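Work through the exercises below with the sequence and the model side by side, and try each task before reading its solution.

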Amino acid sequence: MSGRDLFCQPRRIRHGAALTLVFASVLATGAATGSFDESVRFTPSAKAAAPAGNHDDVTEAAAKAMADGKSPMEAAERAVSRSGDRWSAVYSQGEYQEFEEALDGEYTGVGLSARRESDGRIEVTWVQSGSPAAAAGIRRGDRLRTVDGEDVDGRPVTEVVSLLRGDADDAAAGTRVRLGIQRGTHTWSEVLRRARLSTDSVTVHRLAGGITVIKVAAFTKGSGDLVRSAVAAAPKGAGIVLDLRGNSGGLVIEAVAAASAFLDGGLVATYDVNGDQRALHADPGGDTTRPLVALVDGGTMSAAELLTGALQDRGRAVVVGTRTFGKGSVQMPSRLPDGSVAELTVGHYRTPSGRSVDGRGITPDLEADGAALARAETVLSGLGDTS
């Protein structure tokens, strides 16, 4: 299992997986089982209209609790729990605000990525430039042994992320966290102060032969335009790898914008909200000729699956990797009397060919695990001229 301390599921639902799709101005809540980033914690927009259906039960329970002098949020949580919907959730005002800030690519943390090795060790895989972790001299390859005195060996990456962020205490920027680090045989302790950091949701690098790799960690605001810019800047005729591994979703409007970089208009997905059928379409003018491979894995979720399904169904990309997570349900929000927010499932989306993703995921055209990127290069070499 691997992940970043930039990816983390919402605090109130850290023991379950939750990720809401985003339609129009509706935002999404990030949580996955593969890669995690403490910046991706999305929730529905306060501007979205509350849907009917089970939301009525939750809001009625909250209103009754308020009238009885009890906690509306706790009443809503009980109603959500009774619904049996694992994607439903209730968020406090503070959590809601924090999630919305995350949509701008901001997060509170120390700025490192880590993965759990087969023997249970937690290894640092990336350190963000200018972050507290970088200032402390932590490097890629260092072993993370403890966080505030707690041994992290063998723990799920999600728990390690939670400790780094100080989720249990709602730790803010400026709070301290003590890390136990090992490099080779040398072990030491570093005290870092958490900070408000920005993360690039889209990164680009080049491989031999001019192949451009566009890694989309999450669909935050502006990520669709960044994908389009990266495509436009790629060497003429060169192939592209769209890396969606570990992408737990985000703003569906941004996923559609990313699809528009590779499609000349047309259907991206259909979805329903309380039985009302709707559709999402790409903008015209995308690059439809460049060889394209989409990389996916079990951490590819929600909006990232929506994009993958569109590119696969429309024959625009060869999908390489492992089966995606399978989160294809639609959630919408309802603001409660105390300002907290509840959301319940109101529908599901389908790919252009009518496939349902929920509970099934997307099966890649070519299975590949550890050598997925190398496999993608091989595929591109057979799709067209990447020189």
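Predicted model: local features only at pLDDT ≥ 70, side-chain atom pairs only at ≥ 80, totals over all residues.

**Exercise 1.** Determine how helix α6 and helix α7 are oriented towards each other, and which residues make the contact.

*Solution.* Begin with the axes: those of α6 (residues 223-233) and α7 (residues 252-259) come within 7 Å and cross at roughly 15 degrees. Angles under 35 degrees count as roughly parallel, and α6 and α7 are therefore roughly parallel to each other. The crossing of the two helices, α6 and α7, is right-handed. Next, list the partners: α6 contributes Ser223, Gly224, Asp225, Val227 and Arg228, while α7 contributes Glu254, Ala257 and Ala258. Sorted by class, this contact of α6 with α7 holds three nonpolar, two polar and three charged residues.

**Exercise 2.** Find which members of the largest nonpolar core touch the most other members, and then trace the contacts of Ile214.

*Solution.* The largest nonpolar core has 42 residues, of which Ile214, Phe219, Val227, Leu242 and Phe262 touch the most other members. Helix α8 (residues 303-313) supplies the largest share of this core, six residues. Leaving aside neighbours within four places in sequence, Ile214 is in contact with Val202, Thr203, Val227, Ala230, Val231, Ile240, Val241, Leu242 and Asp243. Apart from this core lies another, of 19 residues, including Val110, Ala114, Ala133 and Ile138.

**Exercise 3.** Locate Thr125 and describe its surroundings.

*Solution.* Thr125 belongs to strand β5 (residues 122-127). Once residues up to four places away in sequence are set aside, Thr125 touches Ser113, Ala114, Arg115 and Arg140. For a distance along the chain, take Arg143, 18 residues apart from Thr125, where the two C-alpha atoms are separated by 9.4 Å.

Key
Residues numbered from 1 in each chain as written. Heavy atoms only, no water. Core = buried A, V, L, I, M, F, W, Y, C linked by side-chain atoms within 4.5 Å. Buried < 20%, exposed > 50% of the residue type's maximum accessible area, 1.4 Å probe, protein only. Helix = DSSP H or I, 4+ residues; strand = E, 2+ residues; numbered from the N terminus. Contact = heavy atoms within 4.5 Å. Axes fitted to C-alpha atoms, helices over the stretch in contact; angles between N-to-C directions. Parallel < 35°, antiparallel > 145°, perpendicular 65-115°, else oblique. Left-handed = near helix turned anticlockwise from the far one by under 90°. Nonpolar A, V, L, I, M, F, W, Y, C, P; charged D, E, K, R; others polar.
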